[in-house]
There are 2 protein chains.
Amino acid sequence: MLLKDLRTHYTSKIDPAEMADKKVSVAGWVHEVRDLGGICFVVVRDREGRGQVTLVKKKTDPELLEKARGLVRESIVSVTGVVKPEAKAPNGYEIIPEQITLLNEAESPLPMDTTGKVDADLDTRLDSRFMDLRRERTTAVFTIRHEVLKAVRGFLSSSGFVETSTPKVVATATEGGTSLFPITYFDREAFLNQSPQLFKQMLMSGGLDRVFEIGPIFRAEEHDTRRHLNEATSIDIEASFCDHFDVMEILENMVAYVYDQVIANCSRQLEVLGVELAVPQTPFMKISYDEAITIVNSYGEESLKWGDDLSTLSEHTIGNHVFNETGQSHYFIIDWPTEVKPFYAKPYEDKPELSKSFDMMHRTMELSSGAQRIHDPEQLKSRIESQGLNPEGFEFYLRAFRYGMPPHGGWGIGCDRLVMTMLGVENIRDVVLFPRDRRRLSP
Amino acid sequence: MLLKDLRTHYTSKIDPAEMADKKVSVAGWVHEVRDLGGICFVVVRDREGRGQVTLVKKKTDPELLEKARGLVRESIVSVTGVVKPEAKAPNGYEIIPEQITLLNEAESPLPMDTTGKVDADLDTRLDSRFMDLRRERTTAVFTIRHEVLKAVRGFLSSSGFVETSTPKVVATATEGGTSLFPITYFDREAFLNQSPQLFKQMLMSGGLDRVFEIGPIFRAEEHDTRRHLNEATSIDIEASFCDHFDVMEILENMVAYVYDQVIANCSRQLEVLGVELAVPQTPFMKISYDEAITIVNSYGEESLKWGDDLSTLSEHTIGNHVFNETGQSHYFIIDWPTEVKPFYAKPYEDKPELSKSFDMMHRTMELSSGAQRIHDPEQLKSRIESQGLNPEGFEFYLRAFRYGMPPHGGWGIGCDRLVMTMLGVENIRDVVLFPRDRRRLSP
């Protein structure tokens with residue numbers, strides 16, 4: 001067992017009062033070597049923080065001192081020694097080393113600065129994500145992302161949702177359209193799935209009642225923006241016997257719970273990022289599509305007519321309007337024109353030009369789309385046709401509606417966007433470890 | 001809010017003693033209509049169980065009775081009525097209905113039997129997975145799979161692992177070889193990732209220390225067996241400052257915890273499947289590759305020489321041998337020949353023909369592979385070359401080893417195989433909702 005030899009404690013888990021004069025091992029990156037002649041400090045960094053190793057020339061074996069002085073920044077070491085309380089050192093202690101083991105020596109120069117002193121541009125950081133992650137800010141983002149996923153699953157599991165995995169290799173475009181990556185699947189053509197939509201709906205017919213999935217989705221759109229990627233992580237749910245209001249309630253409660261858990265469990269990371277979070281107030285404000293159009297037009301920067309989709313500019317106008325009125329960043333836009341939404345959104349019975357669909361918005365961008373779905377197979381087939389799609393390609397899906405399909409609703413929310421809006425991060429590439437866009441396929 | 005109108009309770013959540021004479025709504029599938037003339041029973045099925053609706057001719061509005069009698073099996077209904085304790089009915093109660101709402105009428109005949117009375121073959125069940133899921137056994141499997149995923153995440157999170165998402169669209173084959181699905185990625189060729197291996201290792205250089213990922217992996221192998229699919233769910237970890245023994249300990253403890261949680265939380269589902277589970281004893285037995293060869297040859301069915309990989313037959317021979325000796329189904333085979341394992345497995349310093357790698361086996365099949373990894377960039381490069389691969393294609397990965405890469409180890413375990421071996425399911429297609437193999441791309 002290597003671990004117990006190389007590391008007994010993370011640097012932040014050594015309590016100087018309790019552990020004074022005890023022997024410990026820490027392991028990590030050489031963050032800094034400060035050689036003042038009579039005394040040499042080596043700062044070791046690990047995931048949780050930093051610890052100072054102190055070598056006083058007069059009291060140290062010359063060979064050990066030489067080794068310490070020669071350490072190249074960002075190399076990997078394990079240090080075993082005795083803990084001494086030292087108020088001026090990180091975490092209030094220093095380690096007087098008995099042994100320093102060099103486990104991997106870093107080359108110089110480093111491909112980028114990791115101290116946060118020199119700003120690197122995004123492309124440099126993404127090219128060297130393994131270095132970028134050594135910046136406190138980057139690790140903080142991905143630690144919070146972990147907490148977000150944990151909170152999402154905890155919330156959905158305890159709300160009766162069953163986790164599912166549906167295929168990413170599919171024969172048919174989920175929502176029609178052309179934004180698909182083709183795959184050579186043995187001797188056939190297949191596609192990367194745009195969303196688990198059709199599969200999660202089929203599971204409603206199967207009686208799983210409430211399902212969720214967290215996984216990759218793939219869109220071959222040629223966009224080049226700060227909030228789109230060609231591969232993203234989507235959080236999807238579907239729930240039986242629910243309308244759009246039922247699933248909106250689940251969504252707003254989940255988002256509030258996620259904020260609550262991040263605040264409770266990630267205070268150090270939020271501090272590193274300089275982010276002060278508040279739990280969004282529920283229920284989120286609901287404005288209708290009609291009201292949204294009126295708001296946009298009232299500001300005079302755009303002139304929208306009924307049936308138009310909302311532009312990015314419109315979304316900002318509405319988001320700022322809602323924020324100024326309520327002080328809240330999250331809200332719903334409901335009751336969209338049926339023609340603007342995918343074929344599976346359920347039209348209102350008494351007003352079929354409107355659909356039981358919604359977008360959940362953050363002040364700065366759309367986070368989620370959802371709806372009560374059509375559960376009548378004939379209506380669904382005719383909606384597929386009216387969007388210019390061939391129902392034959394959807395037969396595997398339509399069959400699931402003919403033998404007992406409950407009314408149901410659901411939504412998908414972009415995990416990456418949820419994290420970026422929470423943390424005020426401006427580019428989605430900053431919350432995805434190895435982003436994929438039209439130009440970037442590596443690392 | 002539709003839900004509160006259609007369903008106040010799951011059928012199994014109505015307590016006949018506490019809720020006698022109270023009004024409830026249940027919603028689900030018409031499981032059975034038994035019309036005895038003077039009395040008519042409608043059994044409603046939902047995810048959690050069944051409830052009986054009773055209509056006595058003399059006491060029931062004729063229109064309501066007509067509606068009940070006309071219900072087609074597997075249609076969707078919501079029933080509102082009053083609870084009466086009735087010992088002979090499922091869950092000990094019956095509902096005297098005030099209202100029956102037909103929400104979706106099933107066509108006849110049904111594409112397959114869902115009562116469990118008639119056996120359907122696997123292909124029929126997969127073609128109509130939405131019907132197959134209405135069988136108690138199928139739902140039980142996928143409910144247990146949910147519990148497995150929940151337990152895995154809970155265990156890893158509380159062991160300090162950070163959940164990550166790495167790309168599925170990649171430029172380079174993870175482990176060389178030809179078993180890749182090509183994608184047209186805009187104007188370039190890309191591939192579906194075979195495993196998160198290279199990415200999770202790069203994250204070790206980034207300092208995330210311990211990471212996990214649960215996600216799809218894709219292998220274009222043309223196998224046609226009961227335990228391979230071309231798209232599968234893999235559970236992957238990587239941990240810094242760990243050798244193979246450290247990560248084996250994490251693995252066996254995780255598997256034991258998963259069994260423990262399934263036993264604690266899925267007793268009803270285990271009963272439906274007729275499975276009696278016991279938590280595997282830890283630590284799992286470790287046998288060396290050399291011992292494994294000796295065991296196989298001692299049974300005389302095969303004659304293996306040092307350096308051969310283990311065939312399926314060998315795995316069964318060894319698995320049965322270990323089971324007969326110890327009564328345990330899980331064990332490790334360690335210290336494999338370096339040449340049999342991928343380039344990133346670390347050779348023993350004093351015996352480089354052996355590697356610090358392991359397979360974790362179930363009596364019936366391999367579940368997991370892992371190793372301490374090479375963390376020296378020069379050694380890694382030369383191993384890549386000696387396996388006939390071009391290091392230039394791995395430059396994005398090798399860079400992460402040159403600027404401070406800690407020693408590290410990890411493993412991947414097939415989620416689907418973990419579930420199938422736990423439940424004694426013989427075909428992997430029975431534990432995957434919508435399996436993908438060479439012949440099956442739909443639904």
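B:Phe332 counts as buried because its relative accessibility is 0%, and B:Phe358 counts as buried at 0% as well; buried denotes under 20% relative accessible area, with exposed over 50% and partly exposed in between (1.4 Å probe, protein chains only). The model is predicted, with local features requiring pLDDT of at least 70 and side-chain atom pairs pLDDT 80 or more, while totals for chains, interfaces and linings use all residues. Residues are numbered from 1 along each chain as its sequence is written, chains are lettered from A in the order in which they are written, and side-chain values use heavy atoms, without hydrogens and water.

Over all chains, the structure holds 33 aromatic pairs, defined for rings of Phe, Tyr and Trp (its six-membered ring) with centres within 6.5 Å; planes under 30 degrees apart are stacked, those over 60 edge-to-face and the rest tilted. B:Phe332 and B:Phe358 make an edge-to-face pair, at 5.6 Å centre to centre and 90° between the planes. This pair links distant parts of the chain, with B:Phe332 in strand β13 and B:Phe358 in strand β16 of chain B, 26 residues apart. In chain A, the rings of A:Phe343 and A:Tyr344 are edge-to-face because their planes lie at 80°, with centres 5.3 Å apart.

Chain A contains an open sheet of 8 strands with mixed pairing, in the order β6-β10-β11-β18-β17-β16-β13-β12. Strands are DSSP runs of E of at least two residues, helices runs of H or I of at least four, both numbered from the N terminus; two strands pair if DSSP finds at least two bridges between them. At the edges are β6 (162-163) and β12 (285-288) of chain A, each pairing on one side only. Strands β13 (330-334) and β16 (357-362) of chain A run antiparallel and are joined by 5 bridges; A:His330 has A:His362 in β16(A) as its bridge partner.

Chain A is divided into domain 1 (3-104) and domain 2 (132-284 + 328-431), with bounds from an automatic or database domain assignment. The C-alpha centres of these domains of chain A lie 47 Å apart.

Chain A can be laid on chain B with an RMSD of 0.1 Å by a turn of 180° and a shift of 0.0 Å along the axis, superposed by least squares on C-alpha atoms of residues with pLDDT of at least 70 in both. That is the relation of a two-fold axis. In chain A, the C-alpha nearest the axis belongs to A:Ile183, 2.3 Å from it.
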